[in-house]
Amino acid sequence: MAADRDRPLSPHLQVYRLPLNAITSITHRITGIALALGAVLLVAMLVAAADGSQAYRVAYDLAASWAGRVILLAFTLALYYHLCAGVRHLFWDAGYGYGLDAARRGSWAIIVAAIALTVSTWALALTVNGS
């Protein structure tokens with residue numbers, strides 16, 4: 001009985017490993033919050049455009065800086081991730097993909113699709129823009 005007292009009573013983060021499906025679900029919620037914050041930045045950019053060319057130039061320069069591009073890249077990744085996870089939820093609503101293997105494959109499909117869509121979008125944007 002003394003050996004049982006050394007073990008934790010319930011799983012904690014050092015012992016318990018979250019399944020990939022749980023991680024993708026949590027990330028879906030986090031990207032939703034990130035998209036809401038990104039929408040505020042988008043509105044700020046539109047307000048700067050409506051305010052005049054000088055205010056828009058300041059906003060553009062901020063967005064074109066390396067930090068601005070990192071934020072835009074993260075926003076693009078969050079957008080595609082949230083979109084792909086939302087499509088998976090539509091499949092779940094229709095009754096497909098509830099099995100453990102199907103859920104795991106769906107989680108990996110979300111990750112791969114979000115990264116591929118982000119890379120292709122940025123590659124196209126940098127090719128067209130030239131910078």
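Author: Helices here are DSSP runs of H or I with at least four residues, strands are runs of E with at least two, and both are numbered from the N terminus. This is a predicted model, in which local features need pLDDT of at least 70, side-chain atom pairs count only at pLDDT 80 or more, and totals for chains, interfaces and linings use all residues. Residues are numbered from 1 along each chain as its sequence is written, and side-chain values use heavy atoms, with hydrogens and water left out.

The protein has four helices and zero strands. Read from the N terminus, its elements run α-α-α-α.

Now the largest pocket. A pocket (on a 1 Å grid over the protein atoms alone, an open set of points where a 1.4 Å probe fits, with protein on both sides within 12 Å along at least five of seven lines) is lined by residues with an atom within 4 Å of a point. Its volume is the space filled by probe spheres set on the points, which are joined across faces, edges and corners. The largest pocket holds about 870 Å³. It is lined by 29 residues, and closest to its centre are Met45, Ala63, Gly68, Ile71 and Leu72.

Who builds that lining? At least two residues come from each of α1 (20–51), α2 (53–64), α3 (66–93) and α4 (100–129). The largest share belongs to α3, with ten residues. By class, 22 of the lining residues are nonpolar, six are polar and one is charged. Nonpolar covers Ala, Val, Leu, Ile, Met, Phe, Trp, Tyr, Cys and Pro; charged covers Asp, Glu, Lys and Arg; the others, Gly among them, are polar.

Next, the second largest pocket. Its space is about 210 Å³. The classes split into nine nonpolar, two polar and two charged.

Ile110 leads us to the core. A nonpolar core is a set of buried Ala, Val, Leu, Ile, Met, Phe, Trp, Tyr and Cys residues joined through side-chain atoms within 4.5 Å. Buried means under 20% relative accessible area, exposed over 50%, and partly exposed in between, with a 1.4 Å probe and protein chains only. The largest nonpolar core has six residues: Tyr80, Tyr81, Cys84, Ala85, Ile110 and Ala114. Each of α3 and α4 supplies at least two residues of this core. The most come from α3, with four. In soluble globular proteins, nonpolar side chains tend to be buried together.

Residues up to four places away in sequence aside, Ala85 touches His28 and Ile110, where contact means heavy atoms within 4.5 Å.

Now Ser107. It lies in helix α4. Why is Ser107 counted as buried? Because its relative accessibility is 0%. Apart from neighbours within four places in sequence, Ser107 is in contact with Leu20, Asn21, Thr24 and Arg88.

Finally, step back. Of the protein's 131 residues, 18% count as buried. Among contacts with a separation of 6 or more, 76% join residues 24 or more positions apart.
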